[in-house]
Amino acid sequence: MLGVCYYPEHWPKERWKEDAQRMRALGLSYVRVGEFAWALLEPEPGRYAWDWLDEALETLAQEGLKVVLGTPTATPPKWLVDRHPEILPVDREGRRRRFGGRRHYCFSSPVYREETARIVRLLAERYASHPAVVGFQTDNEYGCHDTVRCYCPRCREAFQAWLEARYQEVEALNRAWGTAFWSQRYRSFREVDLPHLTVAEPNPSHLLDYYRFASDQVRAYNRLQVDLLRAHAPGKFITHNFMGFFTDLDPFALAEDLDFASWDSYPLGFTELMPLPEEERRLYARTGHPDVAAFHHDLYRAVGRGRFWVMEQQPGPVNWAPHNPSPAPGMVRLWTWEALAHGAEVVSYFRFRQVPFAQEQMHAGLHLPDGTPDRGAEEARRVAEELARLALPPLEPAPVALVYDPEAAWVYEIQPQGAGWRYLELVYAFYSGLRRLGLDVDVRPPGAPLEGYALVVVPSLPILRPEALEAFQKARGLVLFGPRTGSKTEHFQIPPDLPPGPLQALLPLRVVRVESLPPSLEEVAEGPLGRFALGVWREWVEGRAEPLLRFADGWGALFREGRRFYLAAWPSPDLLAALLPWLAREAGLKPLPLPGGLRLRRRGRWTFAFNYGPEEAEAPAPREARFLLGARRLPPYEVALWEEA
Amino acid sequence: MLGVCYYPEHWPKERWKEDAQRMRALGLSYVRVGEFAWALLEPEPGRYAWDWLDEALETLAQEGLKVVLGTPTATPPKWLVDRHPEILPVDREGRRRRFGGRRHYCFSSPVYREETARIVRLLAERYASHPAVVGFQTDNEYGCHDTVRCYCPRCREAFQAWLEARYQEVEALNRAWGTAFWSQRYRSFREVDLPHLTVAEPNPSHLLDYYRFASDQVRAYNRLQVDLLRAHAPGKFITHNFMGFFTDLDPFALAEDLDFASWDSYPLGFTELMPLPEEERRLYARTGHPDVAAFHHDLYRAVGRGRFWVMEQQPGPVNWAPHNPSPAPGMVRLWTWEALAHGAEVVSYFRFRQVPFAQEQMHAGLHLPDGTPDRGAEEARRVAEELARLALPPLEPAPVALVYDPEAAWVYEIQPQGAGWRYLELVYAFYSGLRRLGLDVDVRPPGAPLEGYALVVVPSLPILRPEALEAFQKARGLVLFGPRTGSKTEHFQIPPDLPPGPLQALLPLRVVRVESLPPSLEEVAEGPLGRFALGVWREWVEGRAEPLLRFADGWGALFREGRRFYLAAWPSPDLLAALLPWLAREAGLKPLPLPGGLRLRRRGRWTFAFNYGPEEAEAPAPREARFLLGARRLPPYEVALWEEA
Amino acid sequence: MLGVCYYPEHWPKERWKEDAQRMRALGLSYVRVGEFAWALLEPEPGRYAWDWLDEALETLAQEGLKVVLGTPTATPPKWLVDRHPEILPVDREGRRRRFGGRRHYCFSSPVYREETARIVRLLAERYASHPAVVGFQTDNEYGCHDTVRCYCPRCREAFQAWLEARYQEVEALNRAWGTAFWSQRYRSFREVDLPHLTVAEPNPSHLLDYYRFASDQVRAYNRLQVDLLRAHAPGKFITHNFMGFFTDLDPFALAEDLDFASWDSYPLGFTELMPLPEEERRLYARTGHPDVAAFHHDLYRAVGRGRFWVMEQQPGPVNWAPHNPSPAPGMVRLWTWEALAHGAEVVSYFRFRQVPFAQEQMHAGLHLPDGTPDRGAEEARRVAEELARLALPPLEPAPVALVYDPEAAWVYEIQPQGAGWRYLELVYAFYSGLRRLGLDVDVRPPGAPLEGYALVVVPSLPILRPEALEAFQKARGLVLFGPRTGSKTEHFQIPPDLPPGPLQALLPLRVVRVESLPPSLEEVAEGPLGRFALGVWREWVEGRAEPLLRFADGWGALFREGRRFYLAAWPSPDLLAALLPWLAREAGLKPLPLPGGLRLRRRGRWTFAFNYGPEEAEAPAPREARFLLGARRLPPYEVALWEEA
């Protein structure tokens, strides 16, 4: 199904009816409304103005549209901030930030939690029985603008309480953090500061606990909203719109309190911000890198325990990236079909009409500010038409699992040990390598069952908890562990038996040295798979098994022990291009190396093909395949869909 | 005429006489004095020490030198700052800045305005009838060191009052800024903060109004000084020395209160800071880029309503750029003649003698610190001699007008929408393109009459006010409008009828999409003028007229409607090199593409040629031309002047 | 002798005995202990816990190990910081920094000086008569993490007092700083601020005095510790461990209060942070640039008046550089031997065992966290064995002196005048150029006697005091002065008779112009030595003597007057490669250009050779030389030692 984000408060009432009719005409079913409207719903403290929203919802309902109502807490009004300036967050530099943008609040603020509860309860009560309102979105993009981590006095107090709950005794904290180092010993939890503005770098265990705390605070804040919505508006779904390439927050934990996950998909902006070779940057500037949207679909499908929406879908050029090119013609349709192919229940465009004022005035919508349809509208309409005549089969589990852990991102952000080590880059390299083989991938958090997968890829999992270890043990397929897996304890220490720590129960290896490499240095590894120049990271590993790849000095670079593999280096693209198809075949899969920008996704017996590239491509469909969309020859930026006989 | 900047307070009295004699011997006529001397004129609060200045002026007067007296307000003394620490400015980061450099005051500070009024009135009264004092310079380089915009509580109050005066009702502000977006609604002007330290970016209308306010505050502060000088020292001229490549301040507005404009010309430092291709950077490191000084002469001649001085002319290597090479031999003379060719009434060197202490000790003067003449002195002397035997004809209006708007710089600083979009770079590209054709250019602010020009070039004018539109309508020559012209309303909104907004009255076009391009992307445009790869910016424009250039996808890149042209892209150098001569010929002009570093400027029937290049060049003089300076063959860094028969 | 850094407080007591036995087995003699242990020695204010340290020392003593005891002042405990938050330093941005790293104190804080005196006295008293304790290390790496310069109110008061002591009368300060410039005049010392957060750059004389003050404060703080240690623990040596490539502190002055100097040698990290051509960066990423360790050995031998230790020697990959590669096999041994060859009395590895927790957990030790030996242990053991059978002859003075001045670094940090001018880079270029010729070098502070040297190289000495001038005058060898020598007075002014100021007494030259060059510009100089393209810096020098090199415009680039030379430009590598051997030969030395990574060092008749390169090299030993270590053909990363017949 398709949807759209709509802001009736930005437009004269006279336009609403026509807008709603136009939505229906385009084939849209859902409308997200209200998530920044606090100052318009409560223009003075305690004086409410629900009438306009009532009327807007009525107008939408009359056209048969279903409404997702956003709680308006991402933008507390000026009067609220002036009454309670302590709700403003304090940044890492110690500066109290100010009103005038959005997300200007601290998740720990008791007074903001009270104010949140008040407005959310009122909203829930008012629209609990509204027939058009089918669900709620809590707040908006938690963490955007670097807001997960606040450094205010309220956060310090809450962090101290969090630590006390975690460690009970301060000596347990002293042991866990290793405060014998540099005289960092604490005599009580009250002595513990927030980890910023230190003279030398802070203790990594201190940082990691603070990052966990900050993520937990967001979850607790969201839970407050969820509990009120469930209590006062029972029967409506609750979701939240997560972001792309964002790791400050653990989405798996937060989504436990939601009915499903949503995310906001801006492939071009994300691609602008990715580290990419210049050639790929040029090639995909108008399409997004071919695995960016897919990776997040697979991630948030996992976060949503199988269910997710794209709550905001890029409909044209945006305003927030360093450069904002226009999507290639066809891409809005392609992105929409790709989301559906990966299991999205709804794809909702952001936004119905480009707003001519304020911060986002240069962000395209489905329509131009004067109301005429922009290109995105036509592409959306076409998808709606196509969708109306197709009954998509349900998604089945993929043959390959990729284990992804937000905590790993925190660990490597805290101690990368080498400037080139970036967790998301490593994860993406593995994901993209698998997708170039035409393989469907399920993202799994550590500890999730892995029995059903023919191949499990663990790019890197520094903190390996018992439940994750157990899942790896029970996995029946092949499992590839990347570098630094098992290299840290829960408390950010080196395991007593050296890395890979608990993984030694599965793979009898011992990492006796690691190094990070400057860009000028590479280590050559060689073996039956080929010869590869590897940079960024290398390990020296002791183990019984004959390595599949060896460095020039004789030490192993890739180890196998039965169904389990350990990679003792940062993989280069050519290593992945050789290793992954070989592994896939060992796992009994049929990897299908795809040309350039072509990608595949299956739903049951249906296979989608997407051409991100500027050249025509041939869909690898069986001779007898029946095409439901497009044809065997895919022009650039086109979609094909076929059913296997 | 020539002049010099002199600081008697830096030198023993015994040297003054000799210095003054030396000035006369060099052929200098004017001396600027006193603009940083507050602590020496008022060493203790209320205790004045005028005697040394009296004596210094007397010494200069005895040699027939005319004096421009600077008000000393750019450098309030330490005792004043200690008594009133609230005059210190607060920067964007919220930090109160400190004493120890210069410009350490806030333009809004009531107490600093009082103190300013006190010292300026005393100075005016004391020297009102001094025969050698011919005029005043207010303060020094308003805005230097990023000081136009202050974020102190006094500025907040003043900004609120400014907004109230502008909008009368807060609802008008809410509409103008679009505060329905992100719950930014204000209930009173008292609620409005300064736009900094927000969590997400501030509202662009808020920023633009703040930039306007800040520029207005400087003008009001200057006006305070001007009123006192006029009241207490009638009959003396009043000027201010503006800076190069500086847009925080609207010089046209401020100069309405002055008798004429001045500016400070440092071609090498400006060139160091410009974005330039590496080859041009190397080529012009010792001369300055050939259009840098000329552009500012033409700009400040407009600012001064036809009258301007170069108040500070670089005389050798300076101290403040990242690298400070020595000017090529001859350049001090060339720069001086070029300023005169563009209409400068006086060119005044900075400074008479290199000061051996404090911040600027590495800034060359006409003399070395030990008093011996440096190269600049000899080149200045030569100009003085040459000038003595030539009676320059008056400047005539140029055939080409370039419309320049400081407000456009603010708009694009606030929302560039693409990292490559820099207003000054666009303006300079057009200006330089015209100058390479040997065309003289007048800079015009938006709204100034344009009837007399054969060709009008508008690099980009986002906010197009009625008076500007009227001037374009009345223009009788060709008018070329650059991209994004008419793209914003007065309040920083997209026009209701889409860009180019009001320009649609003159050019029936409608911009339906824009994009900014990363460096790796270019769009090819083609037409009778040639084939061009264009980067940075592209627009999709609907219009009736057949485009002169088309993008590969068929949309127009350059439109013509009668005498008016619209360019829907950021121009590349090769596009300008093809378009501008063609346009000039269409306008009935005779463009004369000049080799490399050669440039021309006319005063009546006299034509000046300047060779910025390292190779000999040939002056494009008519066969029968009479050479008044130099000859047809110009060695590097040489000047020629001929009279047409 | 060899030693090691050991932290008993990081390990269970049960391990201590085995650790001490292992140290002895490796052949180590010294153990540094205790320098970060305050919170463990005084876990509550006034409650002391000496027992564990007593026991640890006893355990070490039982194995015959000698102990260097660190005062624990680099890490004040949390309770101390909470009681006296004013001891926390304030950074240049005006932010009070926080507890949680190390070095979180201000050297000027009276209360911290009291607390320091208390703990140091107690430590000294307790271990004054301990037989195993042979000496003390004060604090740890003064100045690390940018802590020499603090901007707190206590520092302001102390700075004012320091200025009053220096200038007596405020008018003397006004003259010295040239406060007539920009109205910077002070009426009393109480008016003087710390030089930060100014609107324009601060006065350079102000900055220089502040940098001197800050360095003096560290010395005074250290002196406080030294006095107490000498008083309460007489007969023990006192040292401090200085850092590499660090100039905020004058080590010569501080070390006057020590018995000898120590330094911490991390060749790979230092090389990562150096500006180097990409090829050299790659070549030496696993060895360190061949002159990095040697330069500091020679520097700190001078600082220690002939005596120095390497207190921390890199034993494997470290954790703090942007990239942290593994040293090439053999390098730990090579670095150790090189230190001994340059006169180190002890080389002490950092640390005995890699600590598995807190900030430095990724810093290798001689052993892995689980206790097994890492490679460094084996290489250290080998050196210990070799050392046991060799009686090193004493070091003799080198034939070449390099004059090095921390104050010069401050001058150029304050006013580089060109972005490419970096003092340490210039010093290193000369040092490295000499070492590539196989020449031994003594580093000398300005003013030290130079009579014994055949060649004296002064890379640049802007402030040339009478004692330095006298030393140059008395030098009997050749003396080469680099650019900008003599260019500033003691008070950071241009000398009245122009640069090179007082040097004119020895070299009749006068610098009449200088320039800094952008990377794109080079000036060609030519003469009998060759033809050189020179960047960064050029001077125009008047003088009688015929220049040995001339710029293309005829001005001299290199001057000779008898035994003295003046270089009027920043030297390029090829100029140094031509000039230095020629100079050395003129000085009667026998320069021996060495291939790539080969370096030599002599102790009496013994010559060491070190191969930093990846190719085998041939030791330039006389045919009849007797090899004590290695052989004539040096594999990569190998050491050779021979005795001349």
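1. Let's start with a pair of residues in chain A of this predicted model. A:Glu526 has A:Arg550 of β18(A) as its bridge partner. The two strands involved, β15(A) and β18 (residues 549-551) of chain A, run antiparallel and are joined by two bridges.

2. β15(A) also has a partner in β16(A). Here β15 (residues 523-527) and β16 (residues 530-534) of chain A pair in the antiparallel sense, over five bridges. A hairpin of two residues leads from β15(A) to β16(A), and A:Gly527 sits opposite A:Gly530 of β16(A).

3. For a view of a whole sheet, please turn to chain B. Nine strands make up an open sheet with mixed pairing, in the order β11-β10-β12-β13-β20-β19-β18-β15-β16. Its edges are β11 (441-444) and β16 (530-534) of chain B, each of which pairs on one side only. From one strand to the next, the twist averages 20°.

4. Within that sheet, have a look at β19 (residues 556-561) and β20 (residues 564-567) of chain B, an antiparallel pair with four bridges. B:Glu561 has B:Arg564 in β20(B) as its bridge partner.

5. Two helices of chain B deserve a mention here. Helix α16 (residues 423-435) packs on the sheet and touches β10 (400-403), β11, β12 (455-458), β13 (478-481) and β20 of chain B. The direction of α16 makes about 175° with that of β10(B). Helix α18 (residues 573-586) of chain B packs on the sheet too, with β12, β13, β16, β18 (549-551), β19 and β20 of chain B among its contacts. Its direction makes about 130° with that of β16(B).

6. Which residues of helix α17 (residues 466-474) in chain C are buried? They are C:Ala468, C:Leu469, C:Ala471 and C:Phe472. Viewed down the axis of α17(C), the buried residues fall within an arc of 160°, so they line one face of the helix. They pack against β10 (400-403), β12 (455-458), β13 (478-481) and β20 (564-567) of chain C.

7. Finally, the domains of chain A. The assignment gives domain 1 (400-586) and domain 2 (599-643), with 33 Å between their centres, taken over C-alpha atoms. Seven residues of domain 1 and four residues of domain 2 take part in the contact. About 520 Å² is buried between the two domains of chain A, and carbon and sulfur atoms give 30% of that area. On the domain 1 side, A:Arg435, A:Gly438 and A:Asp440 lose the most area to domain 2, together 78% of what that side buries.

How values were computed
Residues numbered from 1 in each chain as written. Chains lettered and ligands numbered in written order. Predicted model: local features only at pLDDT ≥ 70, side-chain atom pairs only at ≥ 80, totals over all residues. Heavy atoms only, no water. Pairing = 2+ DSSP bridges. Axes fitted to C-alpha atoms, helices over the stretch in contact; angles between N-to-C directions. Contact = heavy atoms within 4.5 Å. Buried < 20%, exposed > 50% of the residue type's maximum accessible area, 1.4 Å probe, protein only. Arc of directions from axis to C-beta. Domains from an automatic or database assignment. Buried area = accessible area lost by both parts, 1.4 Å probe.
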